[in-house]
Amino acid sequence: MLSLAALLSAGCTALREEAPGPGGGTSSPLVTKAVNTTKDADPHSVLVKLSSAAGLEAVAGIPGVKSLSPIFPSPPGNGDLEERFGLNLWHEAVLEEGVALEELASSVAGLPCVARIEFNTAARRPEELSDPVPVYDVPATRAGEDEFKIFNDPQFSNQWHYINVGDKNISENAYAGGDISVKDVWKNITCGDSSIIVAVVDEGVKYTHPDLAAAMWTNSGEIPDNGIDDDGNGYVDDVHGYNFVSDGAVSWTAKDDTGHGTHTAGTIAAVNNNGIGVVGVAGGSGKGDGVRIMSCIIFGDEDDRDGVIHQLKQSGVSVRKPEEGTEPHVYYVGKFGKA
Ligand SMILES: [Ca+2]
Ligand SMILES: [Ca+2]
Ligand SMILES: [Ca+2]
């Protein structure tokens, strides 16, 4: 068995991949394996997902790789969970001084034992990005009356970004289809799934909001507001999520909280068809079948993101921060396509 592992490792080092590209040609392994680009990425490190743990040695052998460390170190007793989500296969490769990031990433991606490459980008407020997300001058218009009948939420008619039929009575510039084309998904596929938990990694979510309360993920093992980690998962009073800035329960009243977490949660999972407020993309059909929201606060008073933590494994959500003394980052590792 050991010799087989050694053979696989050696083969991994020797072989380079060429992946089929569009039109029958080939495209570079980096193109096919990278889940993002170097934009706003840390130039000194890259995240690597192995196909199997046996590939670690081959990655370490790539010239320019200074060190490799697991992104999600496994506390005792959590090994099964790590493997279940494939978190044990993710490693952070730190580059030697002066090594070009993309060049090294290409070499690593060329190893057959490497399944995915993720450049080490951070979660930032939009205004902190080097190239802020553009806002296009697209007229807001309303959907037609018939379309409103999908859900009974009073503000649905104003959510033109869901369904836009180009009603010229609203705006001469209105055009049909200027929306996210979600109607057919709602009608033919799904309106949500209450077994799915979506982590809103942002400011706090107002979990008492009448259009969000029923959509919140709830930790049934935690007693709120008693200052005790009742379920022993390492987080005190984590009933609807956790405040990674101040280490405590979720709140939305911090002086720097702009309401963005609540807004985002509403877009994701405001309860649909409840006769209240708005509609969420995955807010269900009115039968309690919308996705659940977990509030993970990483922005707050004084933007002290040093408090951001690591892993919410009990739900399959993983968040981590780098070493002390470096700029606080939050990284996400999920399921990427055919991984
Ligand atoms: Ca707890
Ligand atoms: Ca508690
Ligand atoms: Ca609603």
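Guide: Strand 3 and strand 6 are antiparallel partners, joined by six bridges. This is a predicted model.

Visitor: What makes strand 3 and strand 6 a pair?

Guide: Pairing needs at least two bridges between two strands. Strand 3 and strand 6 have six bridges, so they count as a pair. Leu50 stands opposite Val114 in strand 6. Ala41 has Thr121 of strand 6 as its bridge partner.

Visitor: Which other strands pair in the antiparallel sense over five bridges?

Guide: Strand 3 pairs with strand 5 over five bridges, antiparallel. There, Lys49 faces Trp90 in strand 5. Strand 4 (residues 65-70) also pairs with strand 5, antiparallel and over five bridges. Here Val65 stands opposite Leu95 in strand 5.

Visitor: What is the strand order of the open sheet with antiparallel pairing?

Guide: The order is 4-5-3-6, and four strands form this open sheet.

Visitor: Why do strand 4 and strand 6 stand at the edges?

Guide: Each has a single partner strand, so one side of each is left without a neighbour in the sheet. The twist averages 30° from one strand to the next.

Visitor: What makes strand 6 mostly covered?

Guide: Seven of the eight residues of strand 6 are buried. A residue counts as buried if 20 or more other C-beta atoms lie within 10 Å of its own.

Visitor: Which helix lies across strand 3, strand 4, strand 5 and strand 6?

Guide: Helix 5 does, running at about 5° to strand 3. Helix 5 covers residues 101-109, and its buried residues are Ala105, Val108 and Ala109.

Visitor: How do you know that the buried residues of helix 5 line one face?

Guide: Look down the axis of helix 5. The buried residues fall within an arc of 95°, so they line one face of the helix. Their cover includes helix 2 (29-33), strand 3 (41-50), helix 3 (56-60), strand 5 (90-95) and strand 6 (114-121).

Visitor: Which strands form the open sheet with parallel pairing?

Guide: Three strands do, in the order 7-9-8. Strand 7 (197-202) and strand 8 (241-243) stand at the edges. Each has a single partner strand, so one side of each lacks a neighbour in the sheet. Neighbouring strands of this sheet are turned by 20° against each other on average, direction ignored.

Visitor: How do you know that strand 8 and strand 9 pair?

Guide: At least two bridges are required. Three bridges join strand 8 to strand 9 (residues 292-297), so the pair qualifies, and the two run parallel. Asn243 stands opposite Ile297 in strand 9.

Visitor: What lies across strand 7 and strand 9?

Guide: Helix 7 (residues 260-269) lies there, running at about 155° to strand 7.

Visitor: How many residues does the largest nonpolar core have?

Guide: It has 38 residues. Those with the most contacts inside it are Val200, Ile268, Ala269, Ile293 and Cys296. Strand 7, helix 7 and strand 9 are the elements that give two or more residues to this core. Apart from it lies another core, of 22 residues, among them Ala34, Leu47, Ala105 and Ala115.

Visitor: Where is confidence lowest, and where is it highest?

Guide: In the protein chain, confidence is lowest in strand 12 (residues 331-332), at a mean pLDDT of 36. Confidence is highest in helix 5, at 96. Over residues 1-11 the pLDDT is below 50, and this stretch has six contacts in the model beyond near neighbours in sequence. For the protein chain, the mean pLDDT is 77, and 70% of its residues reach 70 or more.

Notes: Residues are numbered from 1 along each chain as its sequence is written. Chains are lettered from A and ligands numbered from 1 in the order in which they are written. This is a predicted model: local features need pLDDT of at least 70, side-chain atom pairs count only at pLDDT 80 or more; totals for chains, interfaces and linings use all residues. A residue is buried if 20 or more other C-beta atoms lie within 10 Å of its own, exposed if 12 or fewer, and partly exposed in between; C-beta atoms are placed from the backbone. The arc is that of the directions from the helix axis to the C-beta atoms. Two residues are in contact if their C-beta atoms, placed from the backbone, lie within 7 Å. Axes are lines fitted to C-alpha atoms, for helices over the stretch in contact, and angles run from 0 to 180 degrees between N-to-C directions. A nonpolar core is a set of buried Ala, Val, Leu, Ile, Met, Phe, Trp, Tyr and Cys residues joined through C-beta atoms within 7 Å. pLDDT is the predictor's confidence in each residue, from 0 to 100.
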